[in-house]
Amino acid sequence: MSDDAGTDALARTPLFVEHRALGATLVPFAGYAMPVRYPAGIMAEHTHTRSAAGLFDVSHMGQVRLTGDGAAQALERLVPGDIAGLAPWAMRYTQFTNDDGGILDDLIVTRSDDGLILVVNASCKDSDIAHLERRLDAGVDLTVLGERALVALQGPKAAAVLERHAPGCAGLGFMTAGWFKAGGVDALISRSGYTGEDGFEVSLPANETAAFWRRLIAEPEVEPVGLGARDSLRLEAGLCLYGHDIDETTSPVQAGLAWSIGKRRRQEGGFPGAPRIQHELAEGPRRRRVGILPDGRAPAREGTSVLDAKDNVIGEVTSGGFGPTAGGPVAMGYVAADAAEIGRPVSLLVRGKPRPATIVKLPFVPHNYHRG
């Protein structure tokens, strides 16, 4: 029986009934009742995604379409990414920045035949939409795709499975998208995800989502995966979680996301917070996001202080936990830039006691994206 106490007043995705039928434990997340785990447990779900194919409900995310002349240029005035240079059906990771160069949210932008499609974080989607409505040019139309749901199929066997249900999708390259027939339904499929594995995200009409989910779950390679394993997977892959590893106080450069800012945008600026971000690109930031590998088996959770050799606080953990594939505790956080050297020994203040750890290169587990 599912444990969904305290979720009755929350919003539900089109897959709520499916989660209950599968015995999911439901918890409040970004205003929705979402599965944190299924009966197999977080460890099994994590391992299955790394070895086969995990199926995730990500319908709580926001989907938005921008159309009209100059939509790409208008969006570029809100993000540091190169949107105007996107090829048709190519995708780009970028961030909404504020006037101080902090990150309001991170998002994925896809150039479609008739404009741009944005996927934004569930916890920020209302504020993101309001931000867009306030600051987009009058000639750009914004449509919230509230009638569409989103599922993610991730893992080394994801392509083989999804090809059976949406022929042709296995031909997509990493960070590209297109329209496909998925069980007779028009679906927008992208080769993307947030686990570090090869995989896909499938946007389709909300009223068709449950039937599609059941078809995928019936495949022998596929198991459902909840928020718990989604978090451990993205942590091992060194991927940021908004509100934890990035927020309005962190810049893309501090967060190690400078790779998402193309040469033209670096030179031209023209986005909120450009002076700070350009300065940090040229001179370096005062602090940097790093990987942290604790010694022993005790995990370091968010908020744990990072200490130098003299027990001075030089930073803080923003994400931490057990990495099933890494085989032990892993963490990410921010430290002073002059302490961010790979291999530097540090200490983590866990339950009042300094415990040894090391600054390491991210990710903890190699990415397995499809580059063909």
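No salt bridges are counted between domain 1 and domain 2. In this predicted model, the side of domain 1 that touches domain 2 draws on three strands, E9 (148-154), E10 (177-182) and E11 (185-190), each of which supplies at least two residues. By class, that side has nine nonpolar residues, five polar residues and one charged residue.

The interface of domain 1 and domain 2 does include polar contacts. Six residue pairs are in polar contact across it, with both residues of each pair at pLDDT 80 or more. The buried area between domain 1 and domain 2 is about 1100 Å². Carbon and sulfur atoms account for 65% of that area. In residue terms, 15 residues of domain 1 are in contact with 14 residues of domain 2. The C-alpha centres of these two domains are 23 Å apart.

The domain assignment places these parts within the whole chain. Domain 1 is made of two segments, 16-59 and 147-236. Domain 2 covers 62-132, and domain 3 covers 258-360. Strands E9 (148-154), E10 (177-182) and E11 (185-190) supply residues to the side of domain 1 that touches domain 2.

Over the chain, the secondary structure comes to nine helices and 19 strands. The radius of gyration is 21 Å, close to the 21 Å given by the globule rule for 372 residues, so the chain is as compact as a globular protein of that length. Along the principal axes, the C-alpha atoms fill a box of roughly 65 × 50 × 45 Å.

Alanine 30 has a positive phi, near 50°, and is a residue other than glycine. This alanine 30 lies in the loop between strand E1 (25-29) and strand E2 (32-37). Proline 363 is found in the segment after strand E19 (353-360).

Glycine 320 belongs to strand E16 (residues 313-323). Leaving aside residues up to four places away in sequence, glycine 320 touches Leu235, Ala300, Arg301, Val330 and Ala331.

Definitions and conventions:
Residues are numbered from 1 along each chain as its sequence is written. This is a predicted model: local features need pLDDT of at least 70, side-chain atom pairs count only at pLDDT 80 or more; totals for chains, interfaces and linings use all residues. Side-chain values use heavy atoms; hydrogens and water are left out. Domain bounds come from an automatic or database domain assignment. Contact means heavy atoms within 4.5 Å. Buried area is the accessible area (1.4 Å probe) that two parts lose on being put together, summed over both. A salt bridge is a side-chain nitrogen of Lys or Arg within 4 Å of a carboxyl oxygen of Asp or Glu. A polar contact is a pair of N or O atoms within 3.5 Å; within protein, one must be able to donate a hydrogen and the other to accept it, and residues adjacent in sequence count only if both atoms are side-chain atoms. Helices (H or I, at least four residues) and strands (E, at least two) are DSSP runs, numbered from the N terminus. Ala, Val, Leu, Ile, Met, Phe, Trp, Tyr, Cys and Pro count as nonpolar, Asp, Glu, Lys and Arg as charged, and the others, Gly among them, as polar. The radius of gyration is taken over C-alpha atoms; the globule rule is 2.2 Å times the number of residues to the power 0.38.
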